[in-house]
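Here are my notebook entries from a walk through this model, written down as I looked things up.

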Amino acid sequence: MVHTCVVAGCRNRRTPGTTLSFYRFPRDPERKQRWIAAVNREGWVPNEGSRLCSTHFISGKQVKNPRSPDYVPSVFTSAPLSPSMKEASACEMYDKQEAQVEAANALLFLQGQGRFLEDQNRSQVEQESVSSSPSSCDEEDIKTEDDVDVDVEEEISLTSVNQMGSPIKNIPPDFESSLEALKKENMELRESLEKMSLTEASFRNDPEKVRFYTGLPNYFVFETVMLLLVPHMKGDKNAKLSKFQQLLLTLMRLRLDLKNQDLAYRFGVKVATVTRTVHRIINIMFTTLVPTAVFWPSRVELRKNLPAALRCTYPDCAVIVDCFRVSLEKAFNVDVNQEVASTALTTVNELKYVIGVAPQGVVTFVSRGSPGHVSDKNLVESSGLLCKLLPGDVVLAEHDFDIEGLVRDRKAELKITSRSCQSEQDGEDFSLVGTLSDKVSVHRHVGKVIDMVKRRYIMLTGPVESPFTLVDRTSNVSTFDKIVQVACALNNLCISAAPLE
């Protein structure tokens with residue numbers, strides 16, 4: 001079958017004796033689209049018989065290595081010109097193609113694919129300047145499809161021959177040493193690029209890199225989170241980012257508090273893509289990861305793993321509670337008394353959360369954010385924490401939450417550790433050896449966990465950007481409230497949780 005090149009203006013055909021190769025369009029969808037875009041024929045779609053000739057590749061053949069300039073065709077002539085401009089345009093075209101060949105030779109040489117292409121390019125330019133005619137060469141056979149699909153990454157030795165079959169001449173004496181130096185430099189550049197890249201392969205065997213960019217202890221934990229989220233991540237054929245990149249981008253946003261523009265540069269996408277990706281992955285983690293990693297353990301589990309510091313003092317301890325605050329980037333006004341008609345407004349410049357931590361050092365409860373002026377009592381009462389208490393449970397707190405009555409209504413008991421420590425320092429109820437030091441540990445326990453979560457995910461240190469304070473209508477939860485719970489869930493997956501000892 002006679003194949004004709006599909007490029008507009010290209011008259012090359014597969015005829016007996018031709019030295020040109022004709023390539024099918026790739027089966028890989030992404031690469032195929034790049035080829036179609038390079039051909040630049042509006043509304044045109046290739047079929048099974050569509051072919052592209054080798055003159056549209058810098059090296060004279062396609063290369064399957066994505067880093068090669070010949071991974072996609074790039075050599076195309078311009079549209080037909082008027083007779084008065086043809087002569088000048090031909091000279092400019094020749095100079096441009098010659099410059100392309102020189103640049104491509106240097107790159108291909110560093111990749112171990114160096115070829116001396118100058119003679120080939122000149123012959124191609126001469127062929128384009130004359131009308132096409134059947135070749136009279138009888139010694140060369142027509143190249144088949146199998147001949148085209150050859151491995152293009154094999155190394156070319158110093159005894160390689162040029163296109164005409166004659167050995168390369170005039171090789172400098174120090175050519176071999178220069179080649180080795182360039183290979184070494186190329187290898188160093190590849191290693192440096194691999195370290196700087198944000199690919200899945202670069203993270204797989206580098207736990208330090210995983211910790212720095214994601215806050216997770218190693219790639220195994222990252223992969224576990226990925227496996228949990230993948231079934232809920234919609235497969236978009238036109239997505240600019242892979243599922244790995246979407247999760248990595250989101251974790252980098254939480255971990256390093258990088259701005260959207262910064263992440264857009266790093267991942268080569270638009271700022272709008274970064275914004276959509278972060279909100280979508282946060283929503284997925286909020287609905288799938290948080291219920292799995294942040295939950296209220298049973299009394300049996302609590303007592304089974306109760307730290308030694310509490311076995312004698314508070315064996316029925318169910319939770320240690322405290323509050324933390326996060327500042328807002330932009331303050332807003334709220335009605336002080338929303339139950340009755342009122343014009344009294346107060347300025348809110350921070351959010352306040354109540355957090356519950358198990359004695360083992362994991363976060364078991366996080367409330368939604370409330371304005372900073374809300375009292376501890378109202379915050380705890382509206383958070384839903386009291387509903388999780390069982391009769392006989394002991395709740396430890398660092399300071400007086402003024403919720404003793406609320407806890408008593410649940411037939412549980414509230415213990416204020418700072419008050420107990422002060423009483424023992426005054427000589428009261430000091431019957432247990434080591435009790436004071438144990439309670440001092442309880443006094444600092446929640447603070448350690450909160451500090452650990454904030455250090456691991458810097459976004460929680462604030463200030464909170466205004467778009468994250470908007471409430472999602474479907475879940476009635478703000479994006480930052482979801483981020484706080486997701487950060488606590490990710491912290492619970494880390495081996496370095498802060499046990500009470």
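**Entry: a charged patch.** I looked for surface charge in this predicted model, and found a positive patch formed by K234, K240, K270, R276 and R280. I picked out R276 from this group and placed it in helix α11, which covers residues 271-293. Is R276 buried or exposed? With a relative accessibility of 54%, R276 counts as exposed because the cut-off for that class is over 50%.

**Entry: a lysine under cover.** Next I turned to K482, which sits in helix α18 (residues 479-492). Its relative accessible area is 3%, so I noted K482 as buried, the limit being under 20%. What does the side chain of K482 make a polar contact with? I found the side chain of N283 there, at 2.7 Å.

Entry: I went through the backbone and noted a cis peptide bond between G462 and P463, with omega about -5 degrees. P463 belongs to the loop that runs between α17 (435-456) and β9 (471-472).

I also wrote down K411, which is not a glycine and yet has a positive phi of about 60 degrees. I located K411 in the loop between α15 (404-409) and β8 (413-416), and at 63% relative accessibility it counts as exposed.

N476 went into the notebook as well: it is not a glycine, and its phi is positive at about 60 degrees. This residue is in the loop between β9 and β10 (477-478). Its relative accessible area is 51%, so N476 is exposed by the over 50% cut-off.

**Entry: an asparagine in a loop.** I then visited N47, in the loop between α1 (29-39) and β2 (52-53). N47 counts as exposed at 54% relative accessibility. What does its side chain reach? I found the backbone nitrogen of G49 at 2.9 Å from the side chain of N47. The side chain of N47 also makes a polar contact with that of S50, at 2.9 Å.

**Entry: salt bridges.** How many salt bridges does the count come to? I got 15, and looked at some of them.

I started with K259 and E465, whose side chains meet at 3.1 Å, N to O. K259 is in the loop between α9 (243-256) and α10 (260-267) and E465 is in the loop between α17 and β9, so this pair ties together parts that are 206 residues apart in sequence. I noted K259 as partly exposed at 46% relative accessible area, whereas E465 is buried at 15%.

K304 and E301 form a salt bridge at 3.5 Å, N to O. They are three residues apart in helix α12 (residues 299-304), so about one helical turn separates them. K304 is exposed, with 54% relative accessible area, while E301 is partly exposed at 37%.

I also looked at K415 and E413, a salt bridge whose closest N and O atoms are 2.9 Å apart. Both ends are partly exposed: K415 has a relative accessible area of 28%, and E413 comes to 37%.

Conventions: Residues numbered from 1 in each chain as written. Predicted model: local features only at pLDDT ≥ 70, side-chain atom pairs only at ≥ 80, totals over all residues. Heavy atoms only, no water. Patch = residues over 30% accessible without salt bridge, like charges linked within 9 Å, V, L, I, M, F, W, Y side chains within 5 Å. Areas by Shrake-Rupley, 256 points an atom, 1.4 Å probe, with all protein chains shown as cover. Salt bridge = Lys/Arg side-chain N within 4 Å of Asp/Glu carboxyl O. Lys, Arg positive; Asp, Glu negative; His and termini not counted. Charge placed at Lys NZ, Arg CZ, Asp CG, Glu CD. Helix = DSSP H or I, 4+ residues; strand = E, 2+ residues; numbered from the N terminus. Buried < 20%, exposed > 50% of the residue type's maximum accessible area, 1.4 Å probe, protein only. Polar contact = N/O pair within 3.5 Å; in protein donor to acceptor, adjacent residues only side chain to side chain.
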